[in-house]
Amino acid sequence: MQIGTDKVVSIEYTLTDDAEEVVDTSVGEEPLVYLHGAENIVPGLEVALEGKSVGDELKVTIEPEDGYGEYLEELVSVVERAMFEEIDELEPGMQFEAEAPDGETQIVTVVEVDGDDVTIDGNHPLAGQRLHFQVKVVDIREATADELAHGHPHGDDDHEH
Ligand SMILES: [Zn+2]
């Protein structure tokens, strides 16, 4: 079986940045399972995996526009400290999940805390970065009707959502 639209694919991967630092890896953990063609993973990686088979290994370099997007200055903004009233110690580098205007979950990073002013950055932490993936395909199967309806793979345990 080859990777294509509507296949559920399991991959082992290691993601490094331009400085060859490991940013993220599945090695030592469960493989990443995604639904091909459903934008579960960055576009550049999905394209690179198209047509691959179990056991195939690949190295892919992905430019920001095919990864987590370009870094956008307009996503940096200053908000009031009161927005974080539940957080006692607010420090630069802290990350929060916020809902973007389009309803998608967005990670917001605190850049600076200056009295009542908190500078936050809504760019994905990997926005503007070139991504280097080393990937091995470990499993490919047909998606179930439920998975296609949900747009993501389901694990072994039943879940309701
Ligand atoms: Zn689901």
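**Entry 1: Arg 130 and Glu 63.** I began with the contact between Arg 130 and Glu 63, whose side chains meet in a salt bridge at 3.1 Å, N to O. I located Arg 130 in the loop between β8 and β9 and Glu 63 in the loop between β4 (57-62) and β5 (76-80), so this pair ties together parts that are 67 residues apart in sequence. I note here that the model is predicted.

**Entry 2: Accessibility of this pair.** I looked up the relative accessibility of both partners. Glu 63 stands at 32% and counts as partly exposed. Arg 130 stands at 33% and is likewise classed as partly exposed.

**Entry 3: Arg 130 and Asp 18.** I then asked which loop holds Asp 18. A salt bridge joins the side chains of Arg 130 and Asp 18, with an N to O distance of 3.1 Å. Asp 18 lies in the loop between β1 and β2 (22-25), while Arg 130 lies in the loop between β8 (117-121) and β9, so the pair ties together parts that are 112 residues apart in sequence. For Asp 18 I recorded a relative accessibility of 48%, which counts as partly exposed; the exposed class begins over 50%.

**Entry 4: Glu 142 and Lys 7.** I next examined the salt bridge in which the side chains of Glu 142 and Lys 7 meet, at 3.4 Å from N to O. Glu 142 belongs to strand β9 (residues 131-142) and Lys 7 to strand β1 (residues 7-16), so the pair ties together parts that are 135 residues apart in sequence. Is Lys 7 buried or exposed? Lys 7 is buried, with a relative accessible area of 14%. Glu 142 is partly exposed, at a relative accessible area of 46%.

**Entry 5: Total and domains.** I recorded the total for the structure as four salt bridges. I also looked up the division of the protein chain, which gives domain 1 as 7-68 + 127-150 and domain 2 as 73-121. I noted a distance of 29 Å between the C-alpha centres of domain 1 and domain 2.

Definitions and conventions
Residues numbered from 1 in each chain as written. Predicted model: local features only at pLDDT ≥ 70, side-chain atom pairs only at ≥ 80, totals over all residues. Heavy atoms only, no water. Helix = DSSP H or I, 4+ residues; strand = E, 2+ residues; numbered from the N terminus. Buried < 20%, exposed > 50% of the residue type's maximum accessible area, 1.4 Å probe, protein only. Domains from an automatic or database assignment.
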